[in-house]
Amino acid sequence: MIISSYKISKPVTSFCGLLRPCCDLAPFDSATVNGELLINHLDNFKTQSVRSAVNVREGQGVVLLCGAPPHSGELTFAWIFNEYPYSVQQDSRRFISQETGSLYIAKVEPSDVGNYTCVVNNTVTKQKVLSSPTPLVLRSDGVMGEYEPKIEVHFPDSVPAAKESAVKLECFALGNPIPEISWRRTSGVPFPSKVKMKNSNAVLEIPNFQQEDAGTYECIAENRRGKNAARGRVSYHAKPQWLQTITDTAQSIEETLFWECKANGKPKPSYSWLKNGEQMMAEGRVQIENGALSITALNLSDSGMYQCVAENKHGSVYSSAQLMVLASAPSFSKSPLKALLKARSGSEVTLECKPQASPPAISLWKKGNEILQRTERIALFPNGTLKIANITKRDAASYTCTAKNRFGTASTTGRLLITEPTRITMRPTNMEIIVGESIVLPCQIACDPALDVSFSWAINGQLIDFQRDRDHFERVGG
């Protein structure tokens, strides 16, 4: 086996002055990802003379190194044989690795003699650069005898594969006769139909990688002189995906904020928090534990845009929400007490005190000018609600709720009117009548004069519509 080699000097960075045009750098493309500027570029090969010739015997295997120049972004590789546009065609004997860029010839034949030039292409910028030619020369000291396969291209022992990605595993061997490549899973599970073999089985491709595709894969190179194998484990990895995100929130000053975000992924994602684009640290009022953020005793300076970030080595996801911290004096503009409230004697009445206030206001109830206290019949709740049970005429009065916080005071007043229960003093009785006759059914009541009374009649549980059935039913009297 022969491997060509050469030295690449450390690239020198060019500094462009104000008076001299900068023209010795390769074109580039750029993109911004998560606030970082990514520049895709491909420098030219270092200027040099023709690379040293590679001398090889017929039947021997050879590796021609490409050695890509400095670059950023994904590359693809091809090789030119002698001169453009004659390119090296891949088959069971020749293979171009898209991982290393090198050209592998399993068994050299006389027709392989010539000059080989590596072509490097940046898939983003579409720029191509060419190496200097490497001459391949056939030695005259005989033909190489047969030997067992030697795997020169194989995938790593551990290959992390992201969910839904396209995974490509390379395997190629030198040997005489030309080795045949085959693949298997060590678990014995057969390949699904989506798995493809390409380049005379030198490349195994798994599109749309899923968790069930993970496992140990083995490449076997075999000829009549023997066989060789290489294996590695392909592990399942997934970019984080949100299970729970944060949403815009408005909270009162001095309250406690609690936000939690959750994501799955493999490896398990880690979390961080940003406020207005700046990294947050746990200290004092701010506590951060994985995907949970809590801020106690909120103040106005806590308002802003927050982001929860879940990330692993396959990517990051962001969840954003606005926090508004409110500070205002109490106001009953949206929830005043009714000016007049009516309640039946002996019943229970509930009066609600719900001011808008940040922070929440402390409420106080008055009956007239008297401050109300808790009794067996009177209940005062922390949320400001007043409840009076078994009310009597003595409970009739004006009731005022006063709400106060450190920004101000407000109040709302309503008058409670206690009425006597309405009673039916004369009601219909059982009657026998002749078909076709008219009858009058009596209904008299006693009621509180403060109440507006209305009457309705029903027959067999169905309300009578006096407009629709006026030819048959009629209201008479008061």
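**Figure 1. Four disulfides are found in this predicted model.** One of the disulfides joins cysteine 66 to cysteine 118, with an S to S distance of 1.9 Å. Cysteine 66 has a relative accessible area of 0%, so it counts as buried. Cysteine 118 is buried too, at 0% relative accessibility.

**Figure 2. Cysteine 261 pairs with cysteine 308.** Their sulfur atoms are 1.7 Å apart. Cysteine 261 is in the loop between β22 (257–260) and β23 (262–266), and cysteine 308 is in strand β28 (residues 304–312).

**Figure 3. Cysteine 353 pairs with cysteine 401.** The S to S distance is 1.9 Å. The S-S torsion is about -70°, so this disulfide is left-handed. Cysteine 353 lies in the loop between β32 (349–351) and β33 (356–358). Cysteine 401 lies in strand β38 (residues 397–405), so the pair ties together parts 48 residues apart in sequence. Cysteine 353 and cysteine 401 are both buried.

**Figure 4. Four strands form an open sheet.** The order is β13-β15-β18-β17, and the pairing is antiparallel. The edge strands are β13 (147–154) and β17 (196–198), each pairing on one side only. From one strand to the next, the twist averages 25°. Strands of a sheet pair through backbone hydrogen bonds. Look at β15 (residues 167–176) and β18 (residues 203–206): four bridges join these antiparallel strands. Valine 167 stands opposite isoleucine 206 in β18.

**Figure 5. The largest nonpolar core has 22 residues.** In soluble globular proteins, nonpolar side chains tend to be buried together. Here, Leu169, Trp183 and Phe209 touch the most other members of the core. Elements that give two or more residues to this core include β14 (158–162), β16 (180–185) and β19 (215–223). Tryptophan 183 has contacts beyond its neighbours within four places in sequence, among them Phe155, Leu169, Phe191, Met197 and Leu204. Its contacts also include Glu170, Asn201 and Glu218. A second, separate core has 21 residues, including Ala343, Cys353, Leu380 and Tyr399.

**Figure 6. Two peptide bonds to proline are cis.** Most peptide bonds are trans. Asparagine 176 and proline 177 are joined by a cis bond, with omega about 5°. Proline 177 is in the loop between β15 and β16. The bond from serine 358 to proline 359 is also cis, with omega near 0°. Proline 359 is in the loop between β33 and β34 (362–367).

**Figure 7. Serine 200 and asparagine 290 have positive phi.** Most residues other than glycine have a negative phi. Phi of serine 200 is near 55°. This serine 200 sits in the loop between β17 and β18. Its relative accessible area is 41%, so serine 200 is partly exposed. Asparagine 290 has a phi of about 55°. Its place is in the loop between β26 (286–289) and β27 (292–295). With a relative accessible area of 56%, asparagine 290 counts as exposed.

Terms used
Residues numbered from 1 in each chain as written. Predicted model: local features only at pLDDT ≥ 70, side-chain atom pairs only at ≥ 80, totals over all residues. Heavy atoms only, no water. Pairing = 2+ DSSP bridges. Axes fitted to C-alpha atoms, helices over the stretch in contact; angles between N-to-C directions. Core = buried A, V, L, I, M, F, W, Y, C linked by side-chain atoms within 4.5 Å. Buried < 20%, exposed > 50% of the residue type's maximum accessible area, 1.4 Å probe, protein only. Contact = heavy atoms within 4.5 Å. Disulfide = S-S within 2.5 Å.
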